[in-house]
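Good morning, and thank you for the time. I would ask you to look at the sequence and the structure before I go through the details.

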Amino acid sequence: MIHNKIQRGIRDGIPIAVGYFSVSFTFGMMAVQSGISPFHAVLISLLNLTSAGQFTVIVSNASLMEMALTQLVVNIRYALMSVSLSQKLDDSVKMRSRLLIAYGNTDEIFAVASSKPGTVGAKYLYGLILLPVLGWVGGTLAGAVASTLLPGTVISALGVALYGMFIAIVVPPAKEHKEVRTVVLIALLL
């Protein structure tokens with residue numbers, strides 16, 4: 001079975017796009033507060049689809065070499081996920097399409113595509129990637145613009161949203177699965 005309908009990919013990408021919008025909104029605010037122009041914040045989001053990688057650029061006052069090495073270490077998983085996902089791609093997916101898919105291969109895109117039975121085609125993956133990229137870049141733009149318009153107290157309150165999102169992602173599975181709860185407790189202790 002091959003999954004290769006762009007409409008299905010777009011539909012599967014909607015929840016990812018909504019989640020990305022909220023996280024990247026926080027990124028856009030933090031970027032502008034750190035002195036990055038809204039244009040450059042959006043450019044960073046367009047070229048680097050990784051929240052952890054983008055936030056490390058903002059919080060570090062490191063040299064370019066240190067930031068590049070940090071980006072490599074933080075984002076090496078995407079190379080490994082792309083190799084894994086390449087095994088799931090239909091044989092009709094050519095090199096050019098594989099490179100475009102690798103650009104948009106995030107944790108969530110990888111998880112959704114990998115969970116499909118059978119193989120996935122380029123059209124499905126283009127659809128799956130489209131809305132999340134738009135959500136990520138659009139959220140960054142909205143956050144960057146909002147940080148130039150909203151009062152400081154509101155911006156400060158919105159900055160807590162990122163932590164709330166991580167809690168919302170971790171707590172439900174931790175309640176349901178002992179293994180997840182154990183990993184969370186170990187992480188907290190470390």
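This is a predicted model: local features need pLDDT of at least 70, side-chain atom pairs count only at pLDDT 80 or more; totals for chains, interfaces and linings use all residues.

To begin with a question: does Tyr-103 count as buried, partly exposed or exposed, and why? Tyr-103 counts as partly exposed, because its relative accessibility is 37%.

Tyr-103 is located in helix H5, residues 95-103. The most is given by helix H2, residues 38-47, which contributes four residues to the patch.

Let me turn to the overall architecture. The protein chain contains ten helices and two strands. Read from the N terminus, the order of elements is β-α-α-α-α-α-α-β-α-α-α-α. The chain has 190 residues, of which 36% are buried. If we take contacts between residues at least 6 apart in sequence, 77% of them join residues at least 24 apart.

I move next to the interior. In soluble globular proteins, nonpolar side chains tend to be buried together. Here, the largest nonpolar core has 23 residues, and those touching the most other members are Leu-89, Ile-101, Leu-125 and Leu-128. At least two residues of this core come from each of helix H1 (6-33), helix H4 (64-86), helix H6 (107-114) and helix H7 (122-149). H7 provides the largest share, eight residues. Leaving aside residues up to four places away in sequence, Leu-128 touches, among others, Gly-9, Ile-10, Ile-16, Ile-109 and Val-112.

Finally, the aromatic rings. A search of the whole structure gives two aromatic pairs. One of them is Tyr-20 with Trp-136: the ring centres are 5.5 Å apart and the planes stand at 80°, so the pair is edge-to-face. Because Tyr-20 lies in helix H1 and Trp-136 in helix H7, the pair ties together parts 116 residues apart in sequence. Tyr-20 counts as buried at 11% relative accessibility, and Trp-136 is buried with a relative accessible area of 4%.

Phe-21 and Phe-25 form a tilted aromatic pair, with 6.4 Å centre to centre and 35° between the planes. Both lie in helix H1, four residues apart, which is about one turn of the helix. Phe-21 counts as partly exposed at 36% relative accessibility, whereas Phe-25, at 19%, counts as buried, the cut-off being under 20%.

Thank you; I welcome your comments.

Terms used
Residues are numbered from 1 along each chain as its sequence is written. Side-chain values use heavy atoms; hydrogens and water are left out. Buried means under 20% relative accessible area, exposed over 50%, partly exposed in between (1.4 Å probe, protein chains only). Contact means heavy atoms within 4.5 Å. A nonpolar core is a set of buried Ala, Val, Leu, Ile, Met, Phe, Trp, Tyr and Cys residues joined through side-chain atoms within 4.5 Å. Rings of Phe, Tyr and Trp (its six-membered ring) pair if their centres lie within 6.5 Å; planes under 30 degrees apart count as stacked, over 60 as edge-to-face and the rest as tilted.
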